[in-house]
Amino acid sequence: MSTDLIIAVIITVVGASTPILIAALGELVVERAGVLNLGVEGMMLVGAITAFVIVFVTGNHYLAILMAAAAGVATSLIFGFLTLSLSANQTATGLALTIFGTGLSALAGQGYSAKPVTLLGPLFPGLAADPFWRVLFGYSALVYFALFMVVAIWYFLKRTRAGLILRAVGENDLSAHSIGYSVIGVRYMAVMFGGAMAGIAGACFPLLLTPQWAERMTAGRGWIAVALVVFASWRPFRLLAGAYLFGLVMTMELYAKAGGGPLSAIPSELWAALPYLATVVVLVLISIRRDASTNAPACLGKPFLPSN
Amino acid sequence: MQFRLEKRREPSQAMVYATPVAAVVLTMVVGAILFSLIGYDGVGAVREIFLTPLTNSFKWQDLGVKAAPLIIIGTGLSIAYRANVWNIGAEGQYIMGGLAATWVALATYGMTGWWILPLMLVAGVLGGAAYAAIPALLKTRLNVNEILTSLMLTYASVQLIYYLVRAPWKDPMGMGFPQTRIFSEAARLPTIIPTTIVHLGVPIAIVVALVAWFVMSRSVFGYQMKVVGAAPHAARYGGFSENKTIWLALLVSGGLAGMAGMLEVAGPFQRMVPGFPTNYGFTAIIVAFLGRLNPLGVIFAGIVMAITFVGGEVAQTSIGLSNSATGVFQAMMLFFLLAGDILIRYRIRRVAPQAAGVAP
Amino acid sequence: MTITRRNILKVGAAAAALPLLGTKAFAQTEPLKVGFMLIGTVNDNGWNFGHATGAKYMKDQLGDAVAEPTVVENVPEGPDCERVLRELAQSGHKLIFAASFGYGDYVIKVAQQFPDVKFEHATGYQRSDNVATYNARFHEGRAVCGTIAGHLSKTGKAGYIGSFPIPEVVMGINAFTLAARKVNPDFTMTPVYISTWNDPAKEADTARAMIDQGIDVIAQHTDGPAALQVAEERGIVGGFGQGADMSAFAPNAQLTSIIDNWGPHYVEAAQAVIDGSWTSGDRWPGLKEGEVQIGPYGPKVTDEVKAAAEAIKQGQIDGTFNIFTGPINDHTGAERVPAGVTLTDAELLSMDWYVEGVNPPA
């Protein structure tokens, strides 16, 4: 493998990983607050169509990203209201949210599929043209945003008071409540943040990967993001590594087949199943280690029901 | 004017039955208004999606065939959820049941005999139960969250279908298309009403739900599931094993999902194709909730969901409503239903504006 | 085209054994209702879009003789499609087009229950008294594309993005490669199957993986412009529109496109039902009948290459050139078709081997 090819592979892997990284980062914060939102795929699709329409109408990519985030927040509020204010079952509500987002985005996108837009260009056009340095500096702002958010979320969870409260709410909602924190309020913020990130992750499809709108164009990557959060055992830096690993798995299959060689003999179905199987294995491994700090947030998926 | 929620002393039985009905009615009203506002024929859409499948007798057979797998899987899930075991991988267990039954059908290809279908049914149930045993084992041994494992395994099982029908099980006469051969006559589910498509799976679904209702409401098993689900600590004092309950919940729900997979592949499909996973397993989660985790309610809920699917296609052919609109209607119905849950445990009180509201 | 259509009609009428009186009586009282059942959304810019466009064309051509066509989208291959077929038949549609391979079993089944309704199944092979099959000779268009690729490719390496290795796709790969190697004997072709019809991001990544490994012409059998857009962005030699003209997405990179033009067939079938002359059979027209069309050439296609492409196209229209006439070797180099022998339609429809120059996928 030549250096050029390695660089090219890295660039493709980074592109393929970015949407699942962004969506998973949002879901990580949601889950750390003790909420399981399985509507990621639906929120991503709403973000994708919003970003497409905005960029098609205005040509402004950054506005498109912003509006995709806003659309994600709006969609996530349906989930938030039902599960937090009305204590509805999170699993069922999340699934309903995915059905909703899939249908809504398809309805809204009618008439936009034959329309071309342009990708968001590299943040540093000069360095992006350099055959070597493009591997570090050749990406669009969405890629750097994802990396920045990894650090920001790590810092938030680990070093800030607000992060501590959020984790407390996810680990033991009743105690957090009894010392005076608003469990529901914190979870609303987390769910909305998750919605914004899923919306931006959806925006990556027309703005970063393939400049068009197609119904269901996220093609299940919202579920990979859900898997990734678990795979990373709810840790931001492991999430980063996991996202690039999943991206590598998804992309290597294509490079192997297009270039020939021994890897191309592996059935594509195995490649496709790998992220999910690996996630189950990781779940097992972290459970065997019984390391409390790597386990799932204790309140994950359970409604907050103060017994007063 | 402000409202506040006030906890009821006991869950309201009236609301258990009233809220699903209210959810359906609200969906029809709000859906008609919303879709009219955005420029569709809202009233027509509601009529075609919710009413035509009921009023047109040609559609009844479709409702039965579409509802049957939803009822069977939904029944299993309602039992598991009662026990507080969150199996959301029914789609994967349905797939594994279908694959196990397909394996029997292909192994007995060309043979005849009454025993082939029962053998396929056993294989289907075992296939589904075996796949559900993985989350059960991980949950009971290692305390791994069953929501996550069962979901991940679903996505892996979809790939297994793709692989099997593309390579080892591919129909030798199928012009290279990724699908198995059509099962022989003995491996196909008989139609029970001549000139219709109603197959044996439809009465089986009703029987399964009735048996489950009886078991859940009249037997120790049902009592154990409900007690462990509602009050695990109390259950432990009462001598009920939580692990045993988890195993039972997953094996029963997985086995029933596998049974539905067998009935689908032997009935409507009659061969394994990549399009076999049609989200019955996920839709059945919704059915279980719509049916209030009660097997009798699941029958009703399965039929309601079937109406929206069948009606969605009617609306496409008759008034040109796009397929995605049906999804929006279904999601809306679920949102209303889930929102209504709160009324079982709480009542709404009107309070003076200056009083501190509890609601968000 | 009109003359061709009439010819086919005449053949059809001659073969008609049954006087379809019921259909005639129906046609006299009210316009013919025609239904279309599609696997995906009509907004896909490719396969389904092509059929929906054909439906519109049929309505425009036949006017009041037909009702507004009913198009049902996103119908999965399986029991759901059986329900839709019956729904269409019960609601008075007398001619129903089912436009995906996996509908076959169900079309046959439902057709037995509705003997007075005519069904046409695209890309299928099962027929009965009231079930016909139809398809288009897309591989003729592929031969034109391959000719252009053979002339323009600098690396002599092409890629082909397909969903599943079905004969239709294999035929396309082989026709493309054979044509390109007539121009450049060292030309090679790498097919990549991505096991999905609808994942544009994966198509785009496949195109990137190909370009990064020296491929400079990309053909595709998946719908949608994703691969072409990558070709445009990377500035490689180019690619080809699939199903429709996609130059809006890739004004420089689209060398030409293969356009599915189902309209004339739909007009002809509907007219035959109205006249009572419809009969079952297999219809597999191509460039000659205009069912497969070559779109406008892109700016990179020089006059000389254009002339070569036109010659291949014209040869197939005249019947003087057939891309599947021997000698043809398979990918191991062994002779598969002797000189002067042409593969039959049946052989094409079950094609599961690759010609010389193709790197066979695992």
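Start by selecting Gln270(B), which sits in the loop between helix 10 and helix 11 (280-290) of chain B. Helices (H or I, at least four residues) and strands (E, at least two) are DSSP runs, numbered from the N terminus. The model is predicted: local features need pLDDT of at least 70 and side-chain atom pairs pLDDT 80 or more, while totals for chains, interfaces and linings use all residues. Residues are numbered from 1 along each chain as its sequence is written, and chains are lettered from A and ligands numbered from 1 in the order in which they are written.

Gln270(B) is not a glycine, yet its phi is positive, at about 60 degrees. Gln270(B) counts as buried because it has 22 C-beta neighbours inside 10 Å (buried: 20 or more other C-beta atoms within 10 Å, placed from the backbone; exposed: 12 or fewer; partly exposed in between).

Next, select Leu293(B), in the loop between helix 11 and helix 12 of chain B. Leu293(B), also not a glycine, has a positive phi of about 55 degrees. With 22 C-beta neighbours inside 10 Å, Leu293(B) is classed as buried. Most residues other than glycine have a negative phi, and most peptide bonds are trans.

**Where chain B touches chain C**

Show chains B and C together. Their contact takes 21 residues from chain B and 27 residues from chain C (contact: C-beta atoms, placed from the backbone, within 7 Å). On the chain B side, helix 3 (60-82), helix 10 (242-269) and helix 12 (295-319) each supply at least two residues. Helix 12 of chain B has the largest share, six residues. By class, this side of chain B has 11 nonpolar, eight polar and two charged residues (nonpolar: Ala, Val, Leu, Ile, Met, Phe, Trp, Tyr, Cys, Pro; charged: Asp, Glu, Lys, Arg; polar: the others, Gly among them).

**Where chain A touches chain B**

Now switch to chains A and B, where 40 residues of chain A and 36 residues of chain B make the contact. Helix 3 (61-85), helix 4 (90-108), helix 11 (221-231) and helix 13 (268-289) of chain A each give at least two residues to the chain A side. Helix 4 of chain A gives the most, with 12 residues. The chain A side divides into 28 nonpolar, 11 polar and one charged.

**A helix pair in chain C**

Select residues 138-152 (helix 6) and 303-318 (helix 11) of chain C: the axes come within 9 Å and cross at roughly 155 degrees (axes: lines fitted to C-alpha atoms, for helices over the stretch in contact; angles: 0 to 180 degrees between N-to-C directions). Helix 6 of chain C is therefore roughly antiparallel to helix 11 of chain C (under 35 degrees is roughly parallel, over 145 roughly antiparallel, 65 to 115 roughly perpendicular, the rest oblique). Residues that meet there include Ala143(C), Thr147(C) and His151(C) from helix 6 and Ala308(C), Ile312(C) and Gln316(C) from helix 11. The contact has eight nonpolar, three polar and two charged residues.

Move on to Pro327(C), in the loop between helix 11 and strand 13 (328-329) of chain C. A cis peptide bond, with omega about 5 degrees, joins Gly326(C) to Pro327(C).

**The sheet of chain C**

Finish on the open six-stranded sheet of chain C, with order 2-1-3-4-5-11 and parallel pairing (pairing: at least two DSSP bridges). Strand 2 (70-72) and strand 11 (282-283) of chain C stand at the edges with a single partner strand each, so one side of each has no neighbour in the sheet. Strand 4 (residues 118-122) and strand 5 (residues 131-134) of chain C run parallel, joined by four bridges. Ala122(C) stands opposite Tyr134(C) in strand 5 of chain C. Helix 5 (residues 104-113) of chain C lies across strand 3 (95-98), strand 4 and strand 5, at about 175 degrees to strand 4 of chain C.

Methods. Two residues are in contact if their C-beta atoms, placed from the backbone, lie within 7 Å.
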